[in-house]
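The following note sets out numbered comments on the structure shown below. It is intended to be read alongside the coordinates.

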Amino acid sequence: YVLAGSAPERFSPAARLCLLGGDHRRFPRTYCRADTILATECLQAGMLAAGGSAAQQAANMPLLAPYKSYLALLLAEHGHARAAAAYAADAARALQGATTPESRP
């Protein structure tokens, strides 16, 4: 409930939330892990399912594209080529859907 109504933001020391489960203020080099990316994707899916303004916020999350690209790299390194290709395509779609300079990573 502490972060209720908060959506993931671009990495910055002033951001309240970058990835769920990752402390970007205390651990700026290691907050980005597969589990934090997947948890944030679950948040995004929940926001999309909720509809209304939450769905609009979730649809406008191209800032997750770099994290999805990183997850694709991790999957490819572990031999999951199809899943890696799907994540890379998803990241590309998110970036193509970005229409404002503020929403681009």
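1. Surface. The protein chain of this predicted model exposes about 6500 Å², and carbon and sulfur atoms supply 59% of that area. Of its 105 residues, 33% count as buried.

2. Fold. The chain contains 4 helices and 0 strands. Read from the N terminus, the order of elements is α-α-α-α. Among the contacts with a separation of 6 or more, 40% are accounted for by residues 24 or more positions apart.

3. Lys68 belongs to helix α3, which covers residues 65-77. Is this lysine buried or exposed? With a relative accessibility of 8%, Lys68 counts as buried, because the cut-off for that class is under 20%. Neighbours within four places in sequence aside, Lys68 is in contact with Glu41, Gln44, Tyr87, Asp90 and Ala91.

4. The bridge from Lys68 to Asp90. Side chains of opposite charge can pair when their charged atoms come close. The side chains of Lys68 and Asp90 form a salt bridge, with an N to O distance of 2.7 Å. This pair links distant parts of the chain, since Lys68 lies in helix α3 and Asp90 in helix α4 (residues 81-97), 22 residues apart. Whereas Lys68 is buried at 8% relative accessibility, Asp90 is partly exposed, its relative accessible area being 25%.

5. Arg93 counts as exposed, at 51% relative accessibility.

6. The network. Which residues are linked in a network of salt bridges? They are Glu41, Lys68, Asp90 and Arg93. The count of salt bridges comes to 4.

7. Arg33 and Asp35. A salt bridge joins Asp35 to Arg33, the closest N and O atoms lying 3.0 Å apart. Both partners count as partly exposed: Asp35 has 46% relative accessibility, and Arg33 has 35%.

8. Cysteines. A disulfide is a covalent bond between the sulfur atoms of two cysteines. How many disulfides are counted in the model? The count comes to 0. For Cys32, the closest cysteine sulfur is that of Cys18, at 9.9 Å, which is too far for a bond because a disulfide requires sulfur atoms within 2.5 Å. Cys42 is exposed, with a relative accessible area of 57%.

Technical notes:
Residues are numbered from 1 along each chain as its sequence is written. This is a predicted model: local features need pLDDT of at least 70, side-chain atom pairs count only at pLDDT 80 or more; totals for chains, interfaces and linings use all residues. Side-chain values use heavy atoms; hydrogens and water are left out. Buried means under 20% relative accessible area, exposed over 50%, partly exposed in between (1.4 Å probe, protein chains only). Helices (H or I, at least four residues) and strands (E, at least two) are DSSP runs, numbered from the N terminus. Contact means heavy atoms within 4.5 Å. Accessible areas come from the Shrake-Rupley method with a 1.4 Å probe; for residues, only the protein chains shown count as cover.
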